[in-house]
Each structure stands twice: as structure tokens, then as C-alpha cells.
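Subject: Structure for your files

Hello,

Here is the structure we talked about handing over. My notes on one strand and its neighbours, and on the cavity count, follow below.

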Amino acid sequence: MDKIVIHGGARLKGELQVLGAKNAALPLQCAALLGEGPTTFRHVPRLSDVQTMNQLLVGLGCTVEGDRTLTIDPSGVQDGPKEAPYELVKTMRASVTVMGPLLGRHGFARVSLPGGCAIGARPIDQHLRGFEALGAKIRMSHGYVEVKARRLKGARINFDLVTVGGTQNVMMAAAMAKGTTVLENAAREPEVQELAIVLGKMGAKITGAGSSTIEIEGVDNLHGIDHAILPDRIEAGTFAIAAAITGGDLLLLDAPSSHMHAVLAKLEEAGAECRVEPEGLRVIGPDELAPIDLVTRPHPGFPTDMQAQMMVLATLARGQSVITETIFENRFMHVPELCRLGADIHVNGNVAVIRGKARYSGSIVMATDLRASACLVLAGLVAEGKTEIRRVYHLDRGYETIEKRLRKVGAKIRRYHGAPS
Ligand code: EPZ
């Protein structure tokens, strides 16, 4: 198992290229199942989650070629098992997003129920409620859910809560239903908008994506396309915080600033300078950080996927900050590890009270989930001495060769292969 070792203290300076978005790539790979003929995606990030999704698609009968440029041909799915096995779903919950396209195009899907994960229970009841409203029969047995329908029929679906995956899954099923579907209380995330753009290019009729009401007029068939995936707002936000906390100056090439307003507002509140420039987003760290209070919310609110990273900034600020996590019930796993490095954080339920001006000193810490591992990398960048992060396979799920890219802008960071777990 790999580990990452960081010697803190360097001011980060220079340019970093923001890569394609993981949380756009995964549902788009599933959308390719809807097209008659191959679909090609460009700027695909080289991440283990993308690989896991490719494995799942091949298991369904697709041919998959390439990586940065990825071509998926779903012609073989018709005669395939239409099943997402436990072994894959347990490693990556996003695997359940094959259900909508399989149901919409082939009238059947069998998917392992995902079970809980480090950050929360994460049920899929809203996905299934949506499929049922479209006329699908749902059957649960032996840890699997089967959804079946001769032809889905358009319906009005009001989600009980805002769900990104639920909106995407039901949108893909409804794209090939008979009649019109209206999704209410839908997720407004840029990755939902990106999926609607791609489905539209494939021939779907979708309006309202980006708002909380999406209308989908079903069509009989969709075709393959060629599409460049949008840049990753969460990766860009993570690097922006790296600039802010190291007193650095980074130009984040192709950073999707228009998708990052909530994060940039908090960075400016903390005293960082954020400038949108023709090539991307420039972030300059202040001499001293100011405290921030934030509450995670669905988009356009503050993203939960940036909560852990922003907590590192709060631990360094002059004064007290309060962070409230409202999306996932167990997303403070990084707190004890930050405290091991020297932070002063008190958690009560979903509220973390952070006393600032932490003086981090390097130590061995354990990554527990993707964004928690990113936050430990950030803490390591400012810690005195050596920080060793273990279980970095979490990091590789969402950040492509982060150590090489940070080294390019001055960080003293290395990866070691085959380290003790
Ligand atoms: C997506 O997960 C992202 N993953 C997550 O990013 C992100 O944290 C999350 O959206 C919220 O922004 C991908 O895009 C692959 P949800 P998703 O359905 O779709 C509850 C990362 O770090 N819920 O919007 O699974 C659920 O338990 C990952 O990149 C139900 O109760 O999130 C959660 O509390 C982590 N029933 C809340 O809603 C349902 O049927 C939001 O979940 C569905 C969800």
C-alpha cells in the first residue's frame, strides 16, 4: 500500500492544470449505455474510480478503449447480464448509476445494494422511488435490487431531499420513457447540468437542468457522441486552499470559477485574493487568515466535498470558526487526524467548533475517505517537519498524481509504494 510523505513549510507558486471532474466522468460513463453506437469522452481524469466504472461497463458487455480520451461502445449490453455485482458496487457506490440507463434503454437492471460507507448510510430510496413512479417494478432479494419495466412512462417526481445521484439516475431513465417527466426538488450541481448537456447532445429533450425543476420529454432512441468533460471544481477548490494556507500564489488553469462561488466567497472572507483570469483562477494567500463559519448545502450552497479541506484553513485562522455539515451524517472522520497534527477542534453532532492558530507538527496520519485524505495533504503542507499519510488509495479515487503536481509548484511531497498500512 502506498503512502505519501510531506515536509511542510513551502509557499506554493506557479501554475497547476485542473483536470476533468470525477463526479462528472462517472455518470457520463453510465450515460454512454443509452447511446446506439460508441461515445467518446475527452479530458477524462486517470482515477481509480474511473477504472472501476470501466470494469463495470465491460462486465455489462461494453467495449472500453483509452483513458484520457475514453471510448465506450455499449453494443454488447443488449445480450449482457445487465448486472452490477457486489464486488464492484462495494468499492464504488456510484456504480448504482448504471441502473437508470439500463432500465431506460433495456427495461431491466440488477444492482447490488451499496450498503453504508465511511461518511454515511447513503441509501438509494429516492432513486428507487423515482423508478417506481416511472412504472418500474422493484424487487429486492439477496442484497440485490432488480428494476424492470416493459416501457417506462413519464411522471411527476418530487424528491424528498436533494440527491445528486438520484437526480442523475432518474433523469437517465426518463430520457427514454414514453411521455414527459418532471423532476422537482432536483439537484442543481454542475455535474447534473453536465449530464443534461451530454444527454441533450445524444438526442434527449431536457430543460431546466441547473434549476430545481427539470423536465424530460422521453425519446425512442439516443446516439453516441464526442464530448470534453468539464474541469473539476472540487480539485480546483482543493488547490485554491493549498495556495491560501501556504501564503502561496497559484494560477489554476481551466478552474471552473463560475461553479465555485460559495468556495471562493469563503476564501475571500478568510483573506485570500481570488482573481478570475483568462487562463483560469489565480489564488494568492494572505499573511494571516481570518476565521470563517460555513454550513454545507446542496449547490449552489457550500459543497460538502470541500468541507474537510476548508477545515484545515479554519484551524490556521486567527480566531474561532464553526463548520456545520448537513449533507452526510458522518463526515468529520478527518478531525481526530487533524488533532493528532496539532489542531484544536471540538465536534458536537454535525457541528465542529475550530479554535484557530494551530501550529501543526508532522506525524503519521490515516486517510479515511477521499476528501479527508485531501485535507491531510493540505495539513501536511503547512506542518513543521515530516507528515506521513497512509491509505492513500482513498486519495487516488479523486485526485490524479496529486503529489507530482504539487511538487511542480514547490511542495516537498513524495509517494512511496508498498508501505505498511
Ligand atoms: C454525490 O454523491 C457525489 N458523488 C459526492 O461526492 C457528493 O458528496 C454528493 O453528491 C453530495 O454533493 C458523486 O457524484 C459520484 P446524494 P451522491 O445522493 O449522489 C441522502 C466525493 O467526495 N440520500 O446527493 O451519492 C444521502 O445519504 C463524493 O467526490 C438519501 O437519503 O450524494 C446523503 O445524506 C463523496 N436517499 C444526501 O442524501 C437517496 O436515495 C445527499 O446524497 C439518495 C441520497
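Strands E13 (residues 205-207) and E14 run antiparallel and are joined by three bridges. Strands here are DSSP runs of E, at least two residues long, numbered from the N terminus, and two of them pair if DSSP finds at least two bridges between them. This is a predicted model: local features need pLDDT of at least 70, side-chain atom pairs count only at pLDDT 80 or more, and totals for chains, interfaces and linings use all residues. Residues are numbered from 1 along each chain as its sequence is written, and side-chain values use heavy atoms, with hydrogens and water left out.

Ile206 has Ile216 as its bridge partner in E14. The hairpin of E13 and E14 has five residues between the strands, and Gly208 takes a positive phi near 90° there.

E14 also runs antiparallel to strand E12 (residues 180-184), with five bridges joining them. Leu183 is bridged to Ile214 in E14.

A cavity is a set of points on a 1 Å grid, over the protein atoms alone, where a 1.4 Å probe fits but cannot get out; lining residues have an atom within 4 Å of a point. Among the residues lining the largest cavity are Asp232, Glu235 and Glu400.

Regards

Note on methods: On a 1 Å grid over the protein atoms alone, a cavity is a set of points where a 1.4 Å probe fits but cannot get out, and a pocket is an open set with protein on both sides within 12 Å along at least five of seven lines; lining residues have an atom within 4 Å of a point. Helices (H or I, at least four residues) and strands (E, at least two) are DSSP runs, numbered from the N terminus.
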